[in-house]
Amino acid sequence: MADTNAKQRIIQEYVPGKQVTMAHIIPSPQGGIHERLGIGEDGAIGIMTITPSEAAIIAADAAVKAGDVEIGFMDRFTGSLVFTGDVASVESAIRAAVNTLEKVLGFAPAEITRS
């Protein structure tokens, strides 16, 4: 008979999926969003979240190469990426970042949305 008081050993592992969880464009931010984020005061804002989080570095590189955008925030620990520029540049940058992650690295893409 098994001892019901015996200790059990459980091994847990976190294996994140390779995905772009959000890719969003805010064409005309209002209400001091730029200021509250501590980024440039003009232009559209592009927001992405990526798993695994280190891929934000790759996405940022693809984004700045594709459009005239400035990185407002990048966090390799959470996978957050925010950049600014004119609407067309932000859209080009997000499309390039999502495309690079999907086609080159095999990530599951998110639909690019806009508010």
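Trainee: Which residue of β2 is the bridge partner of His24?
Mentor: In this predicted model, His24 is bridged to Ile47 of β2.

Trainee: What makes β1 and β2 a pair?
Mentor: Two strands pair if there are at least two bridges between them. Strand β1 (residues 19-26) and strand β2 (residues 44-51) have seven bridges, in the antiparallel sense, so they count as paired.

Trainee: Where do these strands sit in the sheet, and what is its order?
Mentor: The sheet is open, has five strands with mixed pairing, and runs β3-β4-β2-β1-β5.

Trainee: Why are β3 and β5 at the edges?
Mentor: β3 (70-75) and β5 (112-114) each have a single partner strand, so one side of each lacks a neighbour in the sheet. From one strand to the next, the twist averages 15 degrees.

Trainee: Which strands do the helices touch?
Mentor: α2 packs against β2, β3 and β4, while α3 touches β1, β2, β4 and β5. The direction of α3 makes about 10 degrees with that of β2.

Trainee: Why are α2 and α3 called oblique to each other?
Mentor: Their angle is about 135 degrees, with the axes 7 Å apart. Roughly perpendicular ends at 115 and roughly antiparallel needs over 145, so this pair is oblique. The crossing is right-handed.

Trainee: How many residues of each class make that contact?
Mentor: Ten are nonpolar, two are polar and none is charged. The contact residues include Ile58 and Ala62 of α2, and Ser92, Thr100 and Leu101 of α3.

Conventions:
Residues numbered from 1 in each chain as written. Predicted model: local features only at pLDDT ≥ 70, side-chain atom pairs only at ≥ 80, totals over all residues. Heavy atoms only, no water. Axes fitted to C-alpha atoms, helices over the stretch in contact; angles between N-to-C directions. Helix = DSSP H or I, 4+ residues; strand = E, 2+ residues; numbered from the N terminus. Parallel < 35°, antiparallel > 145°, perpendicular 65-115°, else oblique. Left-handed = near helix turned anticlockwise from the far one by under 90°. Contact = heavy atoms within 4.5 Å. Nonpolar A, V, L, I, M, F, W, Y, C, P; charged D, E, K, R; others polar.
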